[in-house]
Structures are given as C-alpha cells and as structure tokens.
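Student: I have a new structure to look at. Can you walk me through it?

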Amino acid sequence: MIALLLRRLLTAIPTLAAVVILSFVLMRLAPGGPFDGERALDPATRAALTHAYGLDLPLWHQVLRYLARLAQGDFGPSLVYRDFTVTDLIASGLPVSLTLGGLALLLALAIGLVAGVAAATRAGGRADRGLMIALTLLTALPTFVTGPLLVLLFALALGWLPVSGWGGGDPAHLLLPVVALALPAAGAIGKLVRAGLATALAQDHVRTARARGLSPVRVLLVHALRPALVPVASYLGPAAAGMLTGAVVIETVFALPGLGRHFVQGALNRDYPLVLGVVTLYAGLIVLFNLAADLLYGWLDPRMRG
Amino acid sequence: MTVYRVEGLRIAAGGRAIVDGVGFDIGAGECVALVGASGSGKSQSCLAPFGLSPLRAGGSARLMGDELIGAPEAMLRRARGRRVGFVFQQPLTALTPHLKVGRQLHEAWRQAGAPRPSRADLAALLERVGLDRADERLDQYPHRLSGGQRQRVMIAAAIAHPPALLVADEPTTALDAELRHAVLEMLSGLRADGLALLLVSHDLPAVARHADRLVVLEEGRVAEAGEAAALFAHPQAATTAALIAASPRLADPPPALPPPGPPLLAAEGVTVSFPRPGWRRARIVAVSDASLHVAAGEGLAIVGGSGSGKSTLARAIARLGPVDAGRVTWEGLPLPDRAKMRPAHRRLIQPVFQDPVASLDPQWRVVDIIAEPLRHLHPHLSAGERHARVTAALDEVELDDAFADRRPATLSGGQAQRVAIARALVTGPRLLLLDEATSALDVLVAGRIVALIARLQQTRGLALLFVTHDLAVARRLCHRIAVLEAGRIVEEGPIKAVIAAPAHPATRRMVAASD
Amino acid sequence: MRRLPALLIALILLAALLLPPMLPWRYDMIDWAAVRAPPLSPGHLLGTDSVGRDLLARALVGTRVTLAAAGWIGGRVDEAMMRVVDALYALPFMFVVILLMVLFGRSILLVFLGIGAVEWLTMARVVRGQVLGLRERPFVIAAEAAGAPGRTIVIRHLLPNLAGVAIAYLLLTIPQVVMIESFLSFLGLGVQEPLTSLGILVKEGADDMDVAPYALLLPGGLLVTILVCLTILGERLRDRFAA
C-alpha cells in the first residue's frame, strides 16, 4: 500500500514538471510582459527589474531555476503585487478555494448518492424517470448561469442571503456559492450512481444475496452499492478539476478572495510566477484526487488490488 | 417425509408457457434431478416458486407443507433465509467481490435466526464442504480462491442455516471435469444429515449417478420421469436418449477414426508469457517449452484445466497469438512469425473459437463473413466462384442458402458456430484449430457440432488441434492427446493408451473425474 | 414528449439562422431612445441591454456563435496521440485554455482551438477504450486468420463497430463545447465585443440583474435549454449503441 502510494507520487512528478514547463513556455511565447503597466517605466529601471527577476536569462535556464526553487516549496516573488511572494498570495487564497471546493464536493456527493440510490430503488417507475430528468438538468446547468440566478432569487428577490463576499467564512455567505458549484457535479454523480446500481443489481452475486433471504435494502446497501461506486471513484479526478474550474467563475460571481481570481488576475497582468504557482498547485491537487480515486478502487473492489 | 412437493407448475413469459404442468416431490435425504437442454424450463422451474425469477409461477409448490405460489415476498424471503439454500452456476461471479468469505458465511448464518457464530463455527462449515486451510480462508476475498473453492464457499453459505432443501442450479457446469466430479460427490454426501437435494443440470449421465430420481424436461413439459438408474439404462423419450448421447462417457466404446497420414505440423520449445496485470512489472509464463506434432488427418487433443495455458499454446502455434520463443514447422518448412504470415500459410490452418456469437462481426452478413477468407487468401477467384464456394460451405455445415443474408445477431449459438466452421472450411485448410469450440453451446447443440466435425474429419481428411477440458469429447475426435498443467505438457501419447493407463497425477485425476 | 428536445433544438437553430436579418435592429446597433427597455417594448420584443442594444438580436447571434463553436470542433480526433491522453487527462486543461486566451489575445479561432484541445481528450479516451475492447474479440482474430491485413481489419471491422459509440459521444461533446465557450466568454476571455455569444450575454445580464433581471433570464434560459436538449439527445443515442 505504502509502496503503491510512493510509486504513484513519484510518477506524478514528471507530470507536474510537464505542466509547469508547458505553462512556462506558453507564457514566455506570448507578447507583452509584466512591466507593461499603465505608466511606462524608464529603460534603466526596466532592465534592472528584468535582471532582478532573472527574466533576461535563456528560457531553459529560467525553467530550471524555477523548477529547482519549486522543489524547495518556493513559488517565487509576485511580479505585480511586489510586496507579496506568490506563497503569501496562495496562502491567503487557498483556504477560501479549498473550503468552497471541499464543501461543494461533499454536498455533490451527498445529493448524488441519495438521488442515485433513490432512483435505483424505484427503477423503471415514475419517480425514477423524474429523478433522472432532474439530474440531467443539473449536469447541463452551467455554474455561471446558476450562480447569478441563485443570487437573483435568494439574495435580490427574497433577501434571505447576502449577495456576495466572503464574510470571513460565514456560513450564510458560503451557502449560495457552494450550492452553485455543487449542482452540476451532483447531477453527474447521481447519474453515475444510478447507472452503477442498475449494473450491480443485475449481477450474479446480488441474486446469491437475494437467495440468502436478505431484505431488499440490505441487498442494495451491503452487496450492490460498493461495486456501483467504482464509476463514481473514477469521476473524482474530473470532478475535482470541474470544481477548480467552476471556482474561477463562482469566485468572480460572488467576489470571493480565492485562488481562481488570483489566477485570472495574474494571467491578465502577466504575473508569471503567480499564474505558474496556481497552475502547479491545481495540477498537484488533481494528481492527489486521482491518487485518492486509485486507493478508493481497492476498497470498493478488492479484485483491483492486484 | 416429503420436504418439497411441486404439482402442475406453470410459468409463462410474454404470453407463452415456458413451463407447463411440471410436478415432482423430494423427501428428506433424497436427491431429485431436473434434466433438460437449454430452454427446457428447468432453471425457471426451480427458481420461480421461490421468487428468484422475474416471472410469476402458477400451480402449487409446497415447502414443508407451506404453499409458496402466491405467497407474499416477505414469507418467500423468510423461506429462502431459513429453509432452503441455493447454489448457482457461476462460481466466479456469484459471491460478493468486496466481502470476505467469513463475512458472507456469517451473514448467511445469522439470516436463519441462529445465534452469532464463532470463528470456529464458520471454519468448521468450510471444512464440511471440503476446503483446506479453512481458518485462513475466512479472511480471504472471493477472487483469491479458485473456481472450485468458490463453489464450495457458496455451498457452505447455502447450508449454513442449515436448510431442509438445497437447490443447486447447474452447480458444476462452469467447472472443469475434475472439479465437477468432486463437487457433485460432496453435494451428494450432504444428504446424510437428511438434507433434500434438488439438482438442475443438462449433464444427464453425471447427475444420474447421484440422484435418486430424474425428471427429464422438454420445452417446459415432463418428457419422462422415474428412478435414475433405470431411466439412464433404458431411456424411453427421444430427449432422454439425446441428452445421454450428447454427454459421452469414457466408458462408451471408442469410435473408429480415419488413419493418420505423413507428418504435417511440428512445434518445438514454444514459450509464451504475458505482462502481469496490475501495478507490478512482471511477466506471467503461460506456456513454457511445449513441443508437439500433428500428422495429416490426425486429431491431437490439447487437454487441461482452466488456466493451464492450452488455448494460449494452440493460438501461438497457429500464429494467432503472442509467442516468446519456439519453432513451428509445416511439412518440414518453418512457419513465419505472426506478422509475417503469407496467404499461402494462413490457408493451411483455420480457427474456430469458443464463443460463436463473438467470433462473427456483428455488422456483417453471413455471406460476407464466410467470403472474407476467400477474398484475402484466394484473391484470384471471380465473384461467381466465390459465391459458389460460400454456398458449398454453407451446405457442408448443414445451413440452407437463406442464412446467407442474415446477420449474426439473428442466429442461435449453434447456427453461429456452424457459420464460423463454414468460414474456417471455405479456404480448404489442412488443419482446424478448435479452441473449446463446443463448450459454450447447449448440450444437445454441442453434440450435433461434434458430430459435424467428426464427419468433416472423415470426408476432408482434416487434421485437428482440439483444445478442450473434456476427455470424453476429445476421445471421440482425436488420435493422440497432450495434457497440459500450469503451462507444461506433462503427458503425451495415443489417447486410448493414456486414458487406459494415465502416468501423470494430473491425467489420472482427469480420467477419474470423467467416467 | 420524447421528440421535445430535438424539436426545441431545431427551432432554436432555425431562429438563430433565419431571424436576425428580419429584425429591425442588428445585434451591435444601439437604440439611444431605449436603454434598458423591458421586454415587449415597441420595436424590442425582449427589451434592450444597458447600452440599448436589442436583446433578441443579440441572443440569436449569440446562439449562432455558441453553436458554431460546437460544429467546428466536430470530430477532430487525433488517434495518433492516444498514448499521451491518459497522462494529460489529469491536468487542469481548462487553465491552459484560459492562459491561451489571455496571452495570445481573444481571437475566435483560438477559442475554438482551445476547446478542441480540451474535448479531444475525452473523445480519445472513449475511442481508445472501445478499440482495446474490440481488439480482443474473437472476430478480429478470425479476420487475422482469414488473412486480412491490419489496415483492412481496422477499416472493415474496428471502425464500423466503433462508429455508433463514437457518434453518440460526439453528440455528447457538443453540450460540453457549448458550455466551455460560454464559460470563457463569461470570464471575458472568449469572443470579443461587439460580436457576442450566450456566455457574454449571461455575464452582462448578471452584472445588470438587480435592475434588469430579464437580461439574465433570457440568455441564461436559452443556454440552459440548448444544453439540456443536446445532453438528452446525446445520452439517448449513447444508450442505444451501448446496449
């Protein structure tokens, strides 16, 4: 188990390095630089700044230097917010984004599991069809539509919840963004659970369990549910990526001080280290989620432990 | 004392009666076998009364006096939990993959309302069904066990409560010959404590030795019923005779085979390995250093249990699978590697596989499927000549011309396998590779396909490479036999001599299991 | 009821293609006399936005751009790069696309390219899985025994058996593409003003929703309708071929 973890983490390193290098090269190929602000800098200052941040070195040298620093956990200085290091910015934004994404993922799992199991127990019936249509609708709802719509309804029209802002992590401020972010994933998870259960319930071992005289609920929860969750586990990686992507929009819509906004702002300002830092962190998070999915497989179906 | 009595059982599916008027009764310690080909309604007859089929049953089925037909699901569930146990065909998939063996036994035990079992109780249960290292097995997941071991675990769970009746639906069909024998013996032995046993099978000769009475079903009706030994010795109904003939025994007189000709194919030192699935980088050796030879018109049986590497070896020789090392010669000339096989080589050896439906491209019509080898291996033929050969091939496998325009999805298993054989024959090969070609078919259909192959062997002088786990079928078609165990050929020789005096323990077990 | 999704999509497509030239206002024309007009105002059936542009015209043109993105991407699957897919799948590709947009300017072609880069991965994964499954099937080995060259096996056996599933997934890709295009436009990274797309309209509507909620509801509703209909159609097709 430990050996597996180590091996997977080791294989993740080249992947992460590839992301960093790709983003790095892309940014340097693009026209424009970090010091093209509103007011022009005099050439001497500009040259001094360029040298100070190592931007005059050959590209490969810059990449290596960055990777070496990264290996020590140093994301480098921000080129635009000159008083902050990228590590500071990430440290301030990450808790917001993680809270948002983590809560949304939990909510999506809860809604998806309950809806999927409920639909499967009423397979073929009216409730099943209604639930499936509702879940399809959820998957097709983009966060940037649901977000504003939720605000329109609950904040502006009804006035029950605040329109935007972080509010220091106050639950009332969190509710709408978390719900908006969770809905599409909830739809996808619900459909996966429903389909997985339909497959699992048709399997031989379920008939054996029924032949043992077990109650339908016990058959469903003890014998059918775990194999049915395998597709949900493989969805974890994409779901995490979806959460991160969705968070960019949600943080914009609700004006939350998270990483997604740093990313968009950083890209617009050509703040290379900031953008690289966020992309690297995100890639790392997704790698972690895929690793978690791999470990889950082993628990869900011991045959996959090899 | 009568444990289970069925009278006038009726089951309908889509407005058609698939079981009509079936009746039998089983007393304590007795064994009754329901026997029939697929579609005879034997499985439905034993599952539907207990609510284990989506179909509803009519008539009467009384378990210890209580009527099951029309009873509420809650009562049926209680009956399944306490009074009757079930054993199914698929040992590989019939146990819950994510629950340890001990947990599943515990569940079955508690379901009967019995007090919580100790670990020793559960281990004793496993020992009763003949599993070694019982205590260790409790902590294993089902996939760690072999097919035969899993079937024993399933039987252990079924008799945990302990029930009055055990229903075993084709309990040995998916097992190889050796295990089949052992499991039937063990099931039969459980009757000593008064357990009533209802066996469902297509293998009449096998169950006839263990059952007290046989009920032979044909298209949902009882064709014949009576005392097992008498019925086996003097079958009255045509179905009964066909079922007996379709499962040949080693005790039957050996058939006359055409004499073999000069040497045709020789393989030396064939070794095949596969990358191990999963995270470790290792290779599993499937076949190691196997050598064999086949003469013109000769049948060679490659026999072994599941996982012994027999299919892998045959495919490697026919250049249809991977191979690491070894030499294959055809009439003294080397056969090139898989990627370098020319039409002149491919014409010589043609395969027929186990799953008839999967071996035909679902998008193609039968006529195109059979013509495919002609297009590539006899490219000089005109369209008219090709058509004539396809028609001749269909005729040879006893399918009429109307099949030419059908698609595989509309064919039965037997018809699909005939198409596959026609495709193999159409190029005029000298050797046919039969890779478990009859083992996925219904018993009666398989019997007819074996008869077809025997006829082709006579008329065409075909050499056969016959991969099988069934010694009796092998003896009907083959002159010689090569026995594989764990990727090695452990015994090789004329089939009559090997069966009469098996030298290797693996062969001895196989012979003992087959008579 | 079963035909509803297909019918709605056809209706929206027709309206987007045929209606704009017939309207009194072009999507980029400003009606100074009617800024933030509510729906059903004279001359503006669905009202106008915060600078007085006709919302119906903008919604229809936006639909055109949004659906054009879907059409352009159709079927750009590169099998040769299949091997890389599994490694790349783990990456936050959306961010690479965003980077592209920001760094190289917001050309509509680049939006399409970026979307192609993301969706190609899923498609490749599905196709690859199917090919691996088919390659082990006995009928493919039988074709090899029949002397069919590798090329012929791929063309005559693998591709025809793949087509159904591939088409179904392609159809399911369309709503994804629509969603990504709108997502980029929403962030202001997609097509550029005055050209518009549903994503931009939703963004503008959201900025303005406290005073003119209909400016959010209309493009939002249209986008959701398109996405839901396309998803349902694609899933039906997939279920038919997967069975």
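Tutor: What follows goes through chain C and then some parts of chain B.

Tutor: This is a predicted model, where local features need pLDDT of at least 70, side-chain atom pairs count only at pLDDT 80 or more, and totals for chains, interfaces and linings use all residues. Residues are numbered from 1 along each chain as its sequence is written, chains are lettered from A and ligands numbered from 1 in the order in which they are written, and side-chain values use heavy atoms, with hydrogens and water left out.

Student: How many helices and strands are in chain C?

Tutor: Chain C has 9 helices and 0 strands. Helices (H or I, at least four residues) and strands (E, at least two) are DSSP runs, numbered from the N terminus.

Student: And what percentage of its residues count as buried?

Tutor: 53% of the 243 residues of chain C. Buried means under 20% relative accessible area, exposed over 50%, and partly exposed in between (1.4 Å probe, protein chains only).

Student: Switching to chain B. Where is B:Arg133?

Tutor: B:Arg133 sits in the loop between helix H4 (119-128) and helix H5 (134-137) of chain B. Its phi is positive, about 45°, although B:Arg133 is not a glycine. Most residues other than glycine have a negative phi.

Student: Which other residue has a positive phi, near 50°?

Tutor: B:Glu170, which is not a glycine either. B:Glu170 lies in the loop between strand E7 (165-169) and helix H7 (177-189) of chain B.

Student: Are those two buried or exposed?

Tutor: B:Glu170 counts as buried because its relative accessibility is 8%. B:Arg133, at 47%, counts as partly exposed.

Student: What about helix H3 and helix H6 of chain B, how do their axes cross?

Tutor: The axes of H3 (residues 101-111) and H6 (residues 147-158) of chain B come within 8 Å and cross at roughly 25°. Therefore H3(B) is roughly parallel to H6(B), a label for angles under 35 degrees. Axes are lines fitted to C-alpha atoms, for helices over the stretch in contact, and angles run from 0 to 180 degrees between N-to-C directions.

Student: Which residues make the contact?

Tutor: B:Val101, B:Leu105 and B:Ala108 of H3(B), with B:Val153, B:Ala156 and B:Ala157 of H6(B). Contact means heavy atoms within 4.5 Å.

Student: Last one: what order do the strands of the open sheet take?

Tutor: The 6 strands run E6-E7-E8-E3-E9-E10 in chain B, with mixed pairing. Two strands pair if DSSP finds at least two bridges between them. E6(B) and E7(B) run parallel and are joined by 4 bridges.

Conventions:
Parallel < 35°, antiparallel > 145°, perpendicular 65-115°, else oblique.
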